[in-house]
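Subject: Structure handover

Hello,

Here is the structure I promised to pass on. Please open it first, then read the notes below it.

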Amino acid sequence: MTTTTATAKQEAAAPGKRKFSLNLRSSGIYIAFALIVLLFSVLTDGALLQPQNISNIIVQNSYVLILAIGMILIIIAGHIDLSVGSVVAVTGALAAVLMVNMGLAWPLALGVTLIAGGLIGAWQGFWVAYFGIPAFIVTLAGMLLFRALTMTVLGNQGIGPFPDEVRTLANGFTDGYLGNIGLGPLGGADLFSLIVGLLAIAGMAASQWKARKGRLGYGQAVEPIALFVGKLAVGAVLILFLVVQLARFKNLPWVLVLLAALVLGYSVLAGRTVFGRRIYAIGGNMQAAVLSGVKVKSVVFWLFVNMGVLSAIAGIIFAGRLNQAGPTAGNSFELDAIAAAFIGGAAVQGGVGKVVGAITGGLIMAVINNGMSLIGSPSERVMLVKGAVLLAAVAFDVWTKRRSGAGR
């Protein structure tokens, strides 16, 4: 009787232990992000969190964050894409040729550029999914091919300037539709931006509450209500702080609006659709996915098509921000996107990761770049810190897996 009771107690305690381990793994990236922001806020005497600097961080790193969204999905499926930097360059060059050299209307030129990005992704996806060549080799070849094509199109010179509408998308801000509102010692802030921030908080709370109810309905374990409310409160404070700071400067950057729409859409795709569940199934255990009836080749193919389209969007944003397409555009973007995904919690073997985590990983890299620039650190020291952070993130992933396995 005593042995049975002890076993029951151990079994009852096991889920709690497993749950804590999962929480540690999923929440560690956000805790690290908060600590890094706090550290550089102190080192820069608060300059890091000034309204203009926050706006600069978002605008200057938007294209890497867009790439990170597509990269995290490919990594979850157990693949990699080394060509995205070159695809950014070649699609930016194509957009420049269409709009500047040929005088094509900018909406049509952007549509053609996005289609071209999708075709590039389809080309690579075919070799990976249907011909069976490892993605590492296919995209490494693509990195060279599309960089060569960019240089062939542009030569050794850039093409610009871009139309005002494209530059506004990359560098512009929303208008003050409802005027400013006083915030006491903080000064004036755009009312429309503040309303958008409050709606975002309400949407986040409603989504999290609905997800919690769904898990309860299926009899799954959920975190205590106090912890749930606390996490919501922290998220709400962070969103409100970000929006207030942006509203005090030049309102919301248009590229942030685009990025928010992409994050929301892809989070729903990854977490709440059949296609998203198939991505995780392929990365977690491809053989089991095949036996379950998942069309692995089709899913992988469309993942690369999607990566091509997102690379084209990033190429347009990057070229619009610089106001010209250059032959060296996109250099090392693939490394930044991959680092963002792994720092954001993606597993090396696939099957694990979240879109929001990849965005957080990208922001960590952005804050390190910006913070060390503000304190005058040399470029080699910045690379040293970024490399150490990436290694630490992957080591943490491996450690949590071993810890979880040992717990069983």
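Contact here means heavy atoms within 4.5 Å. This is a predicted model, where local features need pLDDT of at least 70 and side-chain atom pairs count only at pLDDT 80 or more, while totals for chains, interfaces and linings use all residues. Residues are numbered from 1 along each chain as its sequence is written, and side-chain values use heavy atoms, with hydrogens and water left out.

Helices are DSSP runs (H or I, at least four residues), as are strands (E, at least two), numbered from the N terminus. Buried means under 20% relative accessible area, exposed over 50%, and partly exposed in between (1.4 Å probe, protein chains only). Axes are lines fitted to C-alpha atoms, for helices over the stretch in contact, and angles run from 0 to 180 degrees between N-to-C directions.

Helix H13 and Ala340

Start with H13, residues 333–343. Nine of its 11 residues are buried, so H13 is largely enclosed by the rest of the structure. The buried ones are Phe333, Glu334, Ala337, Ile338, Ala339, Ala340, Ala341, Phe342 and Ile343.

Ala340 belongs to this helix. Its relative accessibility is 0%, so Ala340 counts as buried. What does Ala340 contact, leaving aside neighbours within four places in sequence? The partners are Ala68, Gly357, Ala358, Gly361 and Gly362. The C-alpha atom of Ala340 is 16 Å from that of Val37, and 303 residues separate the two along the chain.

Both ends of H13 deserve a look. Ser332 lies in the loop between H12 and H13. Its phi is near 70°, a positive value in a residue other than glycine. Ser332 is partly exposed, at 38% relative accessible area. Just after H13, Gly345 has a positive phi of about 110°.

H2 against H14

H2 packs against H14 (residues 355–374) at an angle of about 145°, with the axes 8 Å apart. The crossing of H2 past H14 is right-handed (right-handed if the near helix is turned clockwise from the far one by less than a right angle, left-handed if anticlockwise). From H2 come Asn53, Ile57, Asn61, Leu65, Ala68, Ile69, Ile72 and Leu73. H14 supplies Val355, Ala358, Ile359, Gly362, Leu363, Ala366, Asn370 and Leu374. By class, the contact of H2 with H14 has 12 nonpolar residues, four polar and no charged. Ala, Val, Leu, Ile, Met, Phe, Trp, Tyr, Cys and Pro count as nonpolar, Asp, Glu, Lys and Arg as charged, and the others, Gly among them, as polar.

Asn370 sits in H14. Asn370 is buried, with 11% relative accessible area. Not counting residues up to four places away in sequence, Asn370 touches Leu48, Asn53 and Ile57.

H3 against H4

H3 (residues 84–101) and H4 (residues 106–130) pack at about 150°, their axes 9 Å apart. That makes H3 roughly antiparallel to H4 (under 35 degrees counts as roughly parallel, over 145 as roughly antiparallel, 65 to 115 as roughly perpendicular and the rest as oblique). H3 also passes H4 in a right-handed crossing. On the H3 side, the contact uses Val87, Val90, Thr91, Leu94, Ala95, Leu98 and Met99. On the H4 side are Trp106, Ala109, Leu110, Val112, Thr113, Ala116, Gly117 and Ile120. The residues of this contact divide into 12 nonpolar, three polar and no charged.

Gly118 is also in H4. Gly118 is buried, at 10% relative accessible area. Leaving aside neighbours within four places in sequence, Gly118 is in contact with Val305, Gly308 and Val309.

H10 covers residues 274–284, and Gly276, Ile279, Ile282 and Gly283 in it are buried. Seen down the axis of H10, these fall within an arc of 120°, so they line one face of the helix (the arc is that of the directions from the helix axis to the C-beta atoms). Their cover includes helices H2 (51–76), H9 (254–272), H11 (286–291) and H12 (296–322).

Last, Asn251 lies in the loop between H8 (225–249) and H9. Phi of Asn251 is near 75°, positive in a residue other than glycine. Asn251 is buried, with 12% relative accessible area.

Best wishes
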